[in-house]
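Me: I'd like to go through this one by asking where each label comes from. Could you give me the rule behind each word, then hold the values against it?

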Amino acid sequence: MSHAWGPARRVRQRLLPVLPVLALPLVLSGCLMAPASDQSQHIAGLYQFFVAASAGVLALVWSLLTWSVLRYRRRGGTEDDSEPPQTRNNVPLEVAWTTGPAILVAVLFFFTVTTLSDIQARSPDPTVRLQVSGFQWGWRFDYPDEGVTVTGSGVPGPEIVLPVGEPIELSITSLDVIHSFYVPAFLAKYDAIPGREYVVPLTIAEPGVYAGQCAEFCGLYHAEMGFSIRAEPLADYQAWIAAQVAQAEQGGSA
């Protein structure tokens, strides 16, 4: 009996060192940055659903492969080289392995479309309208309703303030070459293209300072094209806006 199970034991011993490698993608999937906006929470949920679906497919495939290896392994000490029984024209089996992946793809497509609809839903009356313009190698942020402009380049780049829990509308464009507006905590990046305006909604969920960066190679100082967003309660945001307006008026009068 121990001789008969020898090959199976050897197979298990060979598979054990591989298991941590197979588990590594699932472990790394838990390193996703905590979503800081309402839109990024939808993105994170979709990402986790995809990871769970992928893990299920991986477990099914590897389970079937392992079962096949152990079940139909060549027995030690035998001279029987004949193939195991072959299954042909099994309609239920063929229907199952065709419809199963098709249903899974349809489900993933459905949740992707609904998530895109959620994250692209724009408020009819946003609290803040922010025009974002990328240039080599910096950013310009215009608050058209408040008459405030913040611009800068280099490291760490300009810092702007936005309110927490309020609907914000970003209008993103570029003044020269293609840039990309990317805040890792928002789990999305938006291309800034010359001559085009990309309008996206944003609702920041948590207060804090969120670093951003151009994520599209745009020239020599691309790596130094950073910015930051300071998310504060609405009252603090309004106080900051008032201070910026007063500072601009003092500069104009001088």
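Reply: Gladly! A contact means heavy atoms within 4.5 Å, and helices (H or I, at least four residues) and strands (E, at least two) are DSSP runs, numbered from the N terminus. This is a predicted model, where local features need pLDDT of at least 70 and side-chain atom pairs count only at pLDDT 80 or more, while totals for chains, interfaces and linings use all residues. Residues are numbered from 1 along each chain as its sequence is written, and side-chain values use heavy atoms, with hydrogens and water left out.

Me: What does the secondary structure of the chain come to?

Reply: The chain has 5 helices and 10 strands. Among its contacts with a separation of 6 or more, 67% join residues 24 or more positions apart.

Me: Which residues of H3 are called buried?

Reply: Buried is under 20% relative accessible area, exposed is over 50%, and partly exposed lies in between (1.4 Å probe, protein chains only). In H3, the residues that count as buried are Gln39, Ser40, Ala44, Leu46 and Ala53. H4 and E8 are among the elements that cover them. In H4, the label goes to Leu108, Thr115 and Ile119, and these pack against H3 (38–71) and strand E8 (198–202). Over the whole chain of 254 residues, 30% are buried.

Me: Why is Asn90 called a cap of H4?

Reply: A side-chain oxygen of Asn90 lies 3.1 Å from the backbone nitrogen of Leu93, at the N-terminal end of H4. A polar contact is a pair of N or O atoms within 3.5 Å; within protein, one must be able to donate a hydrogen and the other to accept it, and residues adjacent in sequence count only if both atoms are side-chain atoms. The 3.1 Å of the Asn90 pair is within that 3.5 Å limit.

Me: Why is Ser171 called buried?

Reply: Its relative accessible area is 11%, so Ser171 falls under the cut-off. Ser171 sits in strand E5, residues 168–174. Leaving out residues up to four places away in sequence, Ser171 touches Leu130, Gln131, Val132, Glu197, Tyr198 and Val199.

Me: And Cys218, why does it count as buried?

Reply: Cys218 has 6% relative accessibility, so the label applies, although its place is in the loop between strand E9 (208–214) and strand E10 (226–232). Beyond four places in sequence, Cys218 touches Gln136, Trp137, Val177, Ile178, His179 and Met225. Its C-alpha is 9.0 Å from that of Phe135, 83 residues away along the chain.

Me: Which peptide bonds are cis, and what is omega there?

Reply: Most residues other than glycine have a negative phi, and most peptide bonds are trans. The bond from Gln136 to Trp137 is cis, with omega near -5 degrees, and Trp137 lies in the loop between strands E1 (128–135) and E2 (138–143). Val155 and Pro156 are also joined by a cis bond, with omega about 5 degrees.

Me: What is phi of Leu187?

Reply: Near 55 degrees, a positive value in a residue other than glycine. Leu187 is in the loop between strand E6 (179–183) and E7, and it is buried because its relative accessible area is 18%.
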